[in-house]
Amino acid sequence: MGKELYESHPAYAAAFDEVCEALEAELGLSIRKIVFADSPSSAERLAHTSLAQPAIFATEVALARALASQGLKPELLAGHSIGEIAAAHISGVLSLQDAAKLIGSRATLMGELPEGGAMLAVSASE
């Protein structure tokens, strides 16, 4: 998840570190260490939603800031799930601290759900 970009692009690395620091304050653990760890157990941990969501958020925000450092700034932003929180932060609707708090709470709550769940979409009138 962006290790080569982290090592080669200073704006990406700085943004990733800043977001990970904000997430660490909420989660009490280092997302950066988990994302960049090379062990199979770390990869397994990262697959769990409680860690995957913060890692995705950190990656999305860092990518947006890296693009902005190259002069590419979006006029409109949209996202789904973690992406909508990233879009809200990138657009200035949420501060990094507020977005990290939301991501941390969401990831923790979803991580506490029982394993084996599923989603369902229903089309229905009012």
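In which helix is the place of Arg65? The points below answer this and then turn to the whole chain.

1. The structure is a predicted model. In this model, Arg65 lies in helix H5, which covers residues 49-69.

2. The relative accessible area of Arg65 is 26%. Since buried means under 20% and exposed means over 50%, Arg65 is classed as partly exposed.

3. Leaving aside residues up to four places away in sequence, Arg65 touches Ala15, Glu18, His89 and Leu96. Ile90 stands 25 residues from Arg65 along the chain, and the C-alpha atoms of these two residues are separated by 8.2 Å.

4. Regarding the overall fold, the protein has seven helices and zero strands. Read from the N terminus, the order of its elements is therefore written α-α-α-α-α-α-α. The protein is as compact as a globular protein of its length, because its radius of gyration of 15 Å is close to the 14 Å that the globule rule gives for 126 residues. The C-alpha trace spans about 45 × 40 × 25 Å along the principal axes of the protein.

5. Contacts within the chain may be considered next. Among those between residues at least 6 apart in sequence, 63% join residues at least 24 apart.

6. As to burial and surface, 33% of the 126 residues count as buried. The protein exposes about 8000 Å², and carbon and sulfur atoms supply 56% of this area.

Terms used:
Residues numbered from 1 in each chain as written. Predicted model: local features only at pLDDT ≥ 70, side-chain atom pairs only at ≥ 80, totals over all residues. Heavy atoms only, no water. Helix = DSSP H or I, 4+ residues; strand = E, 2+ residues; numbered from the N terminus. Rg over C-alpha atoms; globule rule 2.2 N^0.38 Å. Buried < 20%, exposed > 50% of the residue type's maximum accessible area, 1.4 Å probe, protein only. Contact = heavy atoms within 4.5 Å. Areas by Shrake-Rupley, 256 points an atom, 1.4 Å probe, with all protein chains shown as cover.
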